[in-house]
There are 2 protein chains.
Amino acid sequence: MPSRWEQVVVDAEDPAQLARWWGEALGYVIVNEEPGEVEIRRTPDERPGLLFVPVPEGRTGKNRLHLDLRPDDQATEVERLVGMGARPIDIGQGDVGWVVLADPEGNEFCVLSSPAPPG
Amino acid sequence: MPSRWEQVVVDAEDPAQLARWWGEALGYVIVNEEPGEVEIRRTPDERPGLLFVPVPEGRTGKNRLHLDLRPDDQATEVERLVGMGARPIDIGQGDVGWVVLADPEGNEFCVLSSPAPPG
């Protein structure tokens with residue numbers, strides 16, 4: 001039987017802070033916290049989670065992997081996330097249906113179009 | 001309500017090939033395939049999936065985000081993945097309980113210790 005996808009590990013400057021930011025962004029709960037390492041999941045037993053770990057080095061260039069979020073309402077969700085400290089960024093995406101944001105440590109992520117566009 | 005975590009987007013040189021590799025690694029199925037863009041999920045409706053998209057640029061340095069896999073049996077799973085074309089890499093992890101591998105495009109991932117170690 002293949003492995004189970006346990007988590008995405010996110011290198012962070014401040015794992016505790018970034019984990020809390022993403023926990024609020026996704027409505028996830030902290031399931032494990034050790035010095036310098038925090039894991040969040042949608043529910044305590046649901047995987048994959050997100051595990052934030054400290055690294056000495058900073059980011060260099062655009063991340064090779066990023067998260068896509070599916071909101072109920074794209075505009076409202078982008079406003080909420082920007083209010084939390086995300087910032088809109090231009091990675092050359094052009095005119096697309098999703099919104100590209102960066103988390104407080106600069107990690108790119110996308111807020112997709114809402115599942116059922118109005119109209 | 002917060003967004004749902006829809007997928008991890010993986011920048012790839014050859015999305016179709018890399019998606020198939022990860023599909024075999026995880027036992028995931030292809031749920032969407034368009035020219036240059038392939039998405040896999042554990043089951044057709046289960047999220048997050050993995051979406052492989054083409055990018056012109058190659059990798060530079062270690063990825064800021066990576067996947068952790070939880071195997072039934074670590075040694076057997078590492079052997080299977082290496083047989084599929086993964087390769088063991090040293091990113092300075094030292095003597096740890098997990099095994100660090102790179103996928104065919106060089107993306108780092110970890111095979112964690114088995115859930116119930118023998119003995």
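Across the interface of domain 1 and domain 2 of chain A, in this predicted model, six residue pairs are in polar contact, both residues being at pLDDT 80 or more; a polar contact is a pair of N or O atoms within 3.5 Å, where within protein one must be able to donate a hydrogen and the other to accept it, and residues adjacent in sequence count only if both atoms are side-chain atoms. On the side of domain 1 of chain A that touches domain 2 of chain A, the largest share, six residues, comes from α1(A), helices (H or I, at least four residues) and strands (E, at least two) being DSSP runs numbered from the N terminus.

The model is predicted, and local features need pLDDT of at least 70, while side-chain atom pairs count only at pLDDT 80 or more. Residues are numbered from 1 along each chain as its sequence is written.

The two interfaces are listed below, with buried area taken as the accessible area (1.4 Å probe) that two parts lose on being put together, summed over both, and a salt bridge as a side-chain nitrogen of Lys or Arg within 4 Å of a carboxyl oxygen of Asp or Glu.

| Interface | Buried area | Salt bridges |
|---|---|---|
| Domain 1 and domain 2 of chain A | about 1000 Å² | zero salt bridges |
| Chain B and chain A | about 3600 Å² | six salt bridges |

Between the chains, the side chains of A:R70 and B:E6 meet in a salt bridge at 3.5 Å, N to O. Strand β5 (residues 65–70) of chain A pairs with β1(B) in the antiparallel sense over six bridges, pairing requiring at least two DSSP bridges between two strands, and B:V10 in β1(B) is the bridge partner of A:L65.

Methods: Chains are lettered from A and ligands numbered from 1 in the order in which they are written. Side-chain values use heavy atoms; hydrogens and water are left out.
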